Amino acid sequence: MHPPARKDYVSVTFGEQSGGKYNNSKQLRRRSCWRKWKQLSRLQRSLALFALVLLLVFGMTSYPAVHQHFRGLVDVDEERGAAAGLPHPPRVLQEPVKVQPEVPLRPEPPLLPSQSPMKRPQKRGPPVLLGRQEKRENMSGPLLAGVGGGRGQEEKKNKESNDKGVEPVIRGAGIEADKPIDDPEAGNSKESSPALPIEKTPKEMETFRLEGVRESFRHAWRGYKEFAWGHDELKPISKTYAEWFGLGLTLIDALDTMWILGLKEEFAEAREWVSTELSFNKNVDVNLFETTIRILGGLLSTYHLSGDPMFLEKATDIGSRLMPAFKTPSKIPYSDVNIGKGTAHPPRWTSDSTVAEVTTIQLEFRELTRLTHDQQYQDAVGEVARQVHQLEGKQDGLVPMFINTNSGQFTRQGIFTLGARADSYYEYLLKQWIQGGKKEHQFLEDYLQAIEGVKKNLLQKSSPSGLTFVGELSHGQFSPKMDHLVCFLPGTLALGAHHGLPDDHLELARLLMETCYQMYAQMETGLSPEIVHFNTHQGSTRDVEVKPADRHNLLRPETVESLFYLYRFTKDPKYRDWGWEILQSFNKHTKVSTGGYTSINNVRDPDFPLPRDKMESFFLGETLKYMYLLFSDDLDLISLDRYVFNTEAHPLPIWPSEPKE
Ligand code: DMJ
């Protein structure tokens, strides 16, 4: 056996200097390193030194890039969680730019919002609960959506696009990044907005804010007109349109808003389109609920406001084409109707309809009967209401979310919510009672019982600030989840109190209004997410949590709607201030420079809100209309003693009582 030519191990010998003891002193180690260095040849030493210098130079030059690279990965990680390997996406919305205000049709008001000196808001209500930094820390997790809630077809549509991840966000190649048009005085961060003009008389303030809303409407309309005219929805980032039913949904939804805002030129153009271009004789499946509340409701209210009989003709046309939906074994309507063929069917995967959908078409069809004297409309929706009134399966007046079109029974029972799929059932109980002159007592009874059911089963307070919220009940278990959709409730409660229902309804309305406002105020963009979860455990540090999949904002109206009612009935100016604040946030984070507003995917990131490239028709039909009515001092502009709003903000008359004989 030969010894190895070269040692392939290191022999460590502890020399005598340590006296046989282990000595790892620095001095000794330094000495032995030096000895090793001395043992190297000159060439070896030069090579080693050269390598060291190279390493140093390389390290210094590449540090920023490496650092940046890792920061990038962390950011992507923060934003998209699992998708950590994705390239860092370019920002779609850029720094705010100032835009020249358009020439208003009305006499020039004293100042436009973008010209006026602003001051910081007087924040009211409980203190803001999160520091900015804390909020950011709460943002981890993937942004891959999968929306939990939503109402009817509209929400299903949003869910579908969301389920595919962040697909609706258009960015990168081919799409020019759009800049939000901001109100520069509103400041660059939420902390410095909203802005209120200094030293204005109440009248000046009113004019200022009303013109602000008109300016927003005109901007939205400009985008629709240029890129989506006559189509259902504007896609403002890609400057095109989306078709849902192919019926000019946004245009019809916005008609009465233009009337109310006094935008006569825009109204005239839209009227012309309805009169000459709109045809319902189309082989297309439409959703009964969405078409009723947006199109039938929009045409009826525009008829009432303008007195133009063309709108009633169109309303009657679409109303009659929707009637096949009621031809089911139970008379509970199918969700979908082909308005050209006159056939109807449930969704492909079930014979169930959504409870909110079948119980939120009554105001419109009842009004159609009153106007046309054709009883079939009122009879059909009255039958649905009658059946739901006497159904088994409610809990303290709260209804399940689904109803079967064959059996007429509630299905998939056990979940009770005031959010998606049940919400407007409660709203229409009260509103039908009001519409009919407060005579149909079963609506009132069901409504009162349901509100007691809410108090008993769904109301809790958050921790640490004690915000009153409406959660959900799932098979006996309370869940502190609240959809933004639930924010219709403060307004509805206040409306009931105005019509003589107990005062404690108004008290509850005030508390819930505060909560809905906080759902905006506590987000970094100042805009509410679609769904929040409240903390209820003692010792929680923040009241509101937002799951990554729930961070989107669809420009929904419910909070602004409730602010309108609360202001009308209490005259507390804070509700107007809150509404103004919300409008500034929409302007800051959702306004697209080339026209229109876009829904966004992330209300928690003001720098990267991820536009979804869609302006929902209810932004013009509801959000901006309620905003305008909130700021208007003219109580006769849609008096709440003469009109009742349908769930899409289309005002329908309260029926005059029949003359006594
Ligand atoms: C609108 O279509 C109506 O307000 C409906 O009742 C709920 N969904 C949207 C607004 O969020």
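Tutor: Start with H18 and H19: H18 passes H19 in a left-handed crossing. Keep in mind that this is a predicted model.

Student: Which residues make that contact?

Tutor: From H18, the contact uses Tyr 575, Arg 576, Gly 579, Trp 580, Ile 582, Leu 583 and Phe 586. H19 brings Phe 619, Thr 623, Leu 624, Met 627, Leu 630 and Phe 631.

Student: How does it split by class?

Tutor: The contact of H18 with H19 has ten nonpolar, two polar and one charged residues.

Student: And what is the angle between H18 and H19?

Tutor: Helix H18 (residues 573-589) and helix H19 (residues 617-631) pack at about 140 degrees. Their axes are 9 Å apart. That angle makes H18 oblique to H19.

Student: What does Tyr 567 touch?

Tutor: Leaving out residues up to four places away in sequence, Tyr 567 touches Asp 572, Pro 573, Tyr 575, Arg 576, Leu 630 and Asp 633. Tyr 567 sits in helix H17 (residues 558-570).

Student: How far apart are Tyr 567 and Leu 630 in sequence and in space?

Tutor: They are 63 residues apart in sequence. C-alpha to C-alpha, the distance is 6.8 Å.

Student: Is Tyr 567 buried or exposed?

Tutor: Buried. The relative accessible area of Tyr 567 is 11%, and buried means under 20%.

Student: What joins the side chains of Tyr 567 and Arg 576?

Tutor: A polar contact of 3.4 Å.

Student: OK, other helix pairs. Where does H11 come in?

Tutor: H11 (residues 362-372) packs with H13 (residues 423-435). The axes come within 10 Å and cross at roughly 20 degrees. That makes H11 roughly parallel to H13. The crossing of these two is right-handed.

Student: Who meets whom?

Tutor: On the H11 side, Gln 362, Leu 363, Glu 364, Arg 366 and Glu 367. They meet Tyr 428, Lys 431, Gln 432 and Gln 435 in H13. By class, the contact has two nonpolar, three polar and four charged residues.

Student: What about H9 with H11?

Tutor: The axes of helix H9 (residues 309-322) and H11 come within 11 Å and cross at roughly 125 degrees. So H9 is oblique to H11. Their crossing is left-handed.

Student: Zoom out. How many helices and strands are there?

Tutor: The protein chain has 19 helices and 20 strands. The chain has 661 residues, and 57% of them count as buried.

Student: Why flag that?

Tutor: Because most peptide bonds are trans.

Student: Where do Asp 396 and Lys 438 sit?

Tutor: Asp 396 is in the loop between helix H12 (375-389) and strand S9 (402-404). Lys 438 is in the loop between H13 and helix H14 (441-457).

Student: And how accessible are they?

Tutor: Asp 396 is partly exposed, with a relative accessible area of 28%. Lys 438 is partly exposed as well, at 34%.

Student: Last one. Is Asp 483 buried or exposed?

Tutor: Buried, at a relative accessible area of 3%. Asp 483 is in strand S16 (residues 481-483). The Asp 483 side chain makes a polar contact with the side chain of Lys 481, at 3.1 Å.

Notes
Residues are numbered from 1 along each chain as its sequence is written. This is a predicted model: local features need pLDDT of at least 70, side-chain atom pairs count only at pLDDT 80 or more; totals for chains, interfaces and linings use all residues. Side-chain values use heavy atoms; hydrogens and water are left out. Axes are lines fitted to C-alpha atoms, for helices over the stretch in contact, and angles run from 0 to 180 degrees between N-to-C directions. Helices (H or I, at least four residues) and strands (E, at least two) are DSSP runs, numbered from the N terminus. Angles under 35 degrees count as roughly parallel, over 145 as roughly antiparallel, 65 to 115 as roughly perpendicular and the rest as oblique. A crossing is left-handed if the near helix is turned anticlockwise from the far one by less than a right angle, and right-handed if clockwise. Contact means heavy atoms within 4.5 Å. Ala, Val, Leu, Ile, Met, Phe, Trp, Tyr, Cys and Pro count as nonpolar, Asp, Glu, Lys and Arg as charged, and the others, Gly among them, as polar. Buried means under 20% relative accessible area, exposed over 50%, partly exposed in between (1.4 Å probe, protein chains only). A polar contact is a pair of N or O atoms within 3.5 Å; within protein, one must be able to donate a hydrogen and the other to accept it, and residues adjacent in sequence count only if both atoms are side-chain atoms.
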